[in-house]
Amino acid sequence: PCESVNSMPWFGMDIGGSLCKLVYFEPKDITRDEADAELETLKNIRRYLTKNSAYGKTGHRDTHLQMDSIEIRGRRGTLHFIRFPTSEMGNFLALAKSKGMANLVTTVCATGGGAFKFEENFKKEVNMSLAKFDELDSLIRGMLYIEMTNPRECYYWSHPTEDELCHKVPFDFSKPYPFLLVNIGSGVSILVVYGPNNYKRISGTSLGGGTFLGLCCLLTGCNSFEEAIQLATGGDNTRVDKLVKDIYGGDYGRFGLPGDLVASSLLHVCSFGQMNSKDRRNAVSKEDLARATLVTITNNIGSIARMCALNEKVERVVFVGNFLRVNPISMKLLAYAMDYWSNGTMKALFLEHEGYFGAVGCLLQFNN
Ligand code: ADP
């Protein structure tokens, strides 16, 4: 069943509203005969992709996510995880062309809105056709495959509100069904999954990762997701939001609620509710505004997810998507909120390859 090296390279691409995710399978079991027969361009492409971890100014390979010695379609090799802003598609195609991609006449598996938007560009610039796959099918297929292949993929946050005690704990996902899958990308999609080929999209919201980043840039003048998260890390949303205590007076204790920061994040009466006052506005920092934006968006998603889980009678809620990238604040807040408001009956779960499942699922569907 093994496929020849020259039918490679194997890519899976998820071209989203914010980020383009690219997974590349590097075969490691190439025989001498295959190596001799392998096209020079293919070798060059492999060398280029696997030697660097940064491509141009905006492309990155997430080396910490790389998966070695895995088997796909009878070949053994390494799976690489690469991302760049979708707005850089033009530069990406120019680069691919300069590496000789146009001479290979390959088909690339693609999903996401960009698979439609950029189809012509792929054809024109690099002579590639896109084999298009459904976004949600790919997401689920990719996540189930990676979860099965990587024993430490799924985890939860224990003691999410206590800095010193809080840590990741591996979660046994061998009997997952039914579960809720909350994909937080630019926007949010919520699916209920009953089995590998049995799911439905039940809800979503347009207030997602793209909203967080957009509002944060507006409010703080920051220019990147990383910067926005860094600002939020040093901020205090209680200087921006109106909390229970701001309205009722008194302390958290009277309401039988813990007084720490994460917990107090849940006691909003009203997000941004203090910002109608000029004095308060003058007293807040960029950091506070970034934190408030992050907490607002996260709590809203958590609350919709919890209602969906309740409706569908599911206990496991898996959160994925690049909004959670380098973003422990949101993961811990989701973990705490799910646990607290469900009296401990629901569990928030997370996956290490958070934003890459659509691209992986796409790669797996090729030739099937
Ligand atoms: P999409 O498929 O809609 O692009 P993703 O799952 O890739 O969705 O998530 C996009 C979101 O991830 C952004 O809206 C932003 O909140 C967050 N994000 C994480 N890292 C980055 C980054 N390097 N650049 C832009 N957005 C990022």
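**Ligand surroundings**

I listed the residues around the ligand: there are 17, and S18, K21, S186, N322 and R325 come nearest. A residue is near a molecule or strand here if one of its heavy atoms lies within 4 Å of it.

I noted the ground rules before going on. The model is predicted, so I kept to its limits: local features need pLDDT of at least 70, side-chain atom pairs count only at pLDDT 80 or more, and totals for chains, interfaces and linings use all residues. Residues are numbered from 1 along each chain as its sequence is written, and side-chain values use heavy atoms, with hydrogens and water left out.

I then looked up polar contacts, meaning pairs of N or O atoms within 3.5 Å; within protein, one must be able to donate a hydrogen and the other to accept it, and residues adjacent in sequence count only if both atoms are side-chain atoms. A polar backbone atom of S18 is 2.8 Å from an oxygen atom of the ligand. For K21, an N or O atom of the side chain is 2.8 Å from an oxygen atom of the ligand. I also found a nitrogen atom of the ligand 3.2 Å from an N or O atom in the side chain of E226.

**Salt bridges**

What else does the side chain of E226 meet in a salt bridge? I found R325, at 2.9 Å from N to O. This pair links distant parts of the chain, with R325 in the loop between β16 and α13 and E226 in helix α8 (residues 225-233), 99 residues apart. Helices (H or I, at least four residues) and strands (E, at least two) are DSSP runs, numbered from the N terminus. R325 is buried at a relative accessible area of 12%, while E226 is partly exposed at 37%. For these words I used under 20% relative accessible area for buried, over 50% for exposed and partly exposed in between, with a 1.4 Å probe and protein chains only.

I counted 11 salt bridges in the structure. The criterion is a side-chain nitrogen of Lys or Arg within 4 Å of a carboxyl oxygen of Asp or Glu. Side chains of opposite charge can pair when their charged atoms come close.

I checked K28 and E26, whose side chains meet in a salt bridge at 3.8 Å, N to O. K28 is exposed at 56% relative accessibility, whereas E26 is buried at 10%.

The salt bridge of R76 and E71 has an N to O distance of 3.4 Å. Here R76 is partly exposed at 38% relative accessibility, and E71 is partly exposed at 47%.

Which residues does a salt-bridge network link with R75? I found D29 and E34. R75 lies in strand β6 (residues 75-85) and is buried, with 3% relative accessibility. The side chains of R75 and E34 are joined by a polar contact of 2.7 Å.

**Rings**

I counted 15 aromatic pairs. Rings of Phe, Tyr and Trp (its six-membered ring) pair if their centres lie within 6.5 Å; planes under 30 degrees apart count as stacked, over 60 as edge-to-face and the rest as tilted.

One of the pairs is Y48 with Y55, tilted, at 5.5 Å centre to centre and 45° between the planes. Y48 is buried at 18% relative accessibility, and Y55 is buried at 8%.

I next took F212 and F323, an edge-to-face pair at 5.8 Å centre to centre and 70° between the planes. F212 lies in helix α7 (residues 209-220) and F323 in the loop between β16 (316-320) and α13 (328-341), so the pair ties together parts that are 111 residues apart in sequence. F212 and F323 are both buried.

I recorded one aromatic cluster made of Y155, W157, F319 and F350.

I then looked for charges over rings, which requires NZ of Lys or CZ of Arg within 6 Å of the ring centre and within 35 degrees of the ring normal. R73 lies over the face of W10, 4.0 Å from the ring centre. K347 has its charged end over the ring of Y156, at 3.9 Å from the centre.

**One glycine**

G59 is in strand β4 (residues 59-61) and is buried, with a relative accessible area of 5%. Leaving out residues up to four places away in sequence, G59 touches S53, A54, R83 and F84, where contact means heavy atoms within 4.5 Å. The C-alpha atoms of G59 and C20 are separated by 9.5 Å, and the two residues are 39 apart along the chain.
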